[in-house]
Amino acid sequence: MESGFLQTVEERESLLLAPYAMHSCDSAGRRHVETEHLYRGPFQRDRDRVLHSSAYRRLSGKMQVFTGDKGDYHRTRLTHTQEVASIARTIGRSLRLNEDLVEALALFHDIGHPPFGHAGEDALDECLSDVGGFSHNRYGLTIAEELETRHQPIPGLNLTYEVLEGQKSRVDKEADNRRPLLEAQVVDAADSITYDAHDTDDAIKLEFVTLGELRRELIMIQWCFEELGSRADSLDSDSLRRAVVHTLIDFQVNNVLMESGKLVSQSGWQSSTEARDGGVIIEPLGELADAKQQLESFLYERVYRHSELIATRDRAQAQIKDLYTVLVDDPSKMPDRFIQRCDIHGVERSVGDYIAGMTDRFFEKQHAIQCS
């Protein structure tokens with residue numbers, strides 16, 4: 001195939017990326033060496049491998065905060081992930097970071113979530129307490145390195161060390177006594193910005209709280225109304241909710257770019273290594289960080305601890321513990337690939353891995369079959 005007219009990845013990145021970005025040519029590569037692609041860089045390939053994985057598709061059937069019986073409007077784990085990727089790309093592009101790496105990390109960041117969100121994670125962590133517990137961030141690495149299969153005879157997705165390291169930093173923020181790459185920090189910031197905004201949106205839409213309550217109690221929402229000005233009075237309730245949520249995102253992204261971004265741009269860093277050791281963390285700062293904390297405390301008390309969600313959480317956790325017990329007692333009820341893992345990783349861990357990969361709907365089906 002003639003390729004002389006194609007710009008190489010290195011040429012393209014040298015024009016677009018800042019010196020402190022993670023350039024593809026500086027990647028540590030993959031555990032299993034592969035031939036480089038003609039026109040796709042390593043992090044673009046990582047993004048595509050995540051995007052085409054079975055585990056990524058299953059995120060559409062996993063709850064974010066609200067379960068499917070609440071309707072079709074609210075976010076799932078998949079739509080949350082897509083929104084994180086969108087905001088992370090915006091921040092990464094503005095800071096001249098490696099957008100392919102940012103997107104790969106964003107699409108990958110929640111791939112290890114079990115059914116029923118954090119309730120499911122807490123239940124599995126309790127079940128597996130004697131064998132190291134359960135973390136959705138750590139399980140994401142298990143998916144990428146062992147459980148996913150591709151068309152090539154090597155285990156897992158064979159992602160680059162940078163993507164795997166970015167995920168490891170979510171397990172341990174100070175892994176290897178170093179801060180994560182700036183691209184990974186951007187994804188963490190985008191994750192926080194995203195769930196603050198869409199959990200607020202979903203909670204209003206599903207009538208767990210009212211916009212009036214939020215406006216009275218939260219400085220961040222008051223700022224949103226000040227920004228909207230007289231235009232707010234002309235909007236119907238749905239349009240006003242959407243405008244407030246949009247402004248909520250804008251405020252946070254602008255703050256990250258104006259505050260952390262300014263520090264990054266003035267740093268003089270000439271490599272991603274210098275950036276990691278430079279002491280700057282990409283996150284909301286100043287008064288907005290305080291207002292953001294107030295919003296998150298409100299969501300925790302008034303939404304996440306709502307009696308209806310607590311009831312859902314308690315039911316889900318009891319069912320997960322039931323199915324876990326049944327499968328540990330009789331692992332033959334699992335698919336062959338998880339039965340085979342029992343000899344390597346033990347029965348408890350293999351059962352935990354099997355349950356963690358389930359969608360909410362598939363889990364409920366298996367619980368009805370196995371625990372009746």
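Trainee: Hi! Which helices do the buried residues of α5 pack against?

Mentor: They pack against α2 (42-51), α3 (54-58), α4 (77-94), α7 (136-147), α8 (161-171) and α9 (182-205). Buried means under 20% relative accessible area with a 1.4 Å probe, protein chains only, and helices are DSSP runs of H or I, at least four residues, numbered from the N terminus. This is a predicted model, where local features need pLDDT of at least 70, side-chain atom pairs count only at pLDDT 80 or more, and totals for chains, interfaces and linings use all residues. Residues are numbered from 1 along each chain as its sequence is written, and side-chain values use heavy atoms, with hydrogens and water left out.

Trainee: Okay, and how many residues of α5 are buried?

Mentor: 9 of the 10 in residues 99-108, so helix α5 is largely enclosed by the rest of the structure. Among them are L101, V102 and F108.

Trainee: What caps the N-terminal end of α5?

Mentor: N98 does, with a side-chain oxygen 3.2 Å from the backbone nitrogen of D100.

Trainee: Switching to D202: is D202 buried or exposed?

Mentor: Buried, at a relative accessible area of 2%. D202 sits in helix α9. Leaving aside neighbours within four places in sequence, D202 is in contact (heavy atoms within 4.5 Å) with F66, Y73, H74 and R75.

Trainee: Which side chain has a polar contact with the side chain of D202?

Mentor: That of R75, at 2.7 Å. A polar contact is a pair of N or O atoms within 3.5 Å; within protein, one must be able to donate a hydrogen and the other to accept it, and residues adjacent in sequence count only if both atoms are side-chain atoms.

Technical notes: Buried < 20%, exposed > 50% of the residue type's maximum accessible area, 1.4 Å probe, protein only. Helix = DSSP H or I, 4+ residues; strand = E, 2+ residues; numbered from the N terminus.
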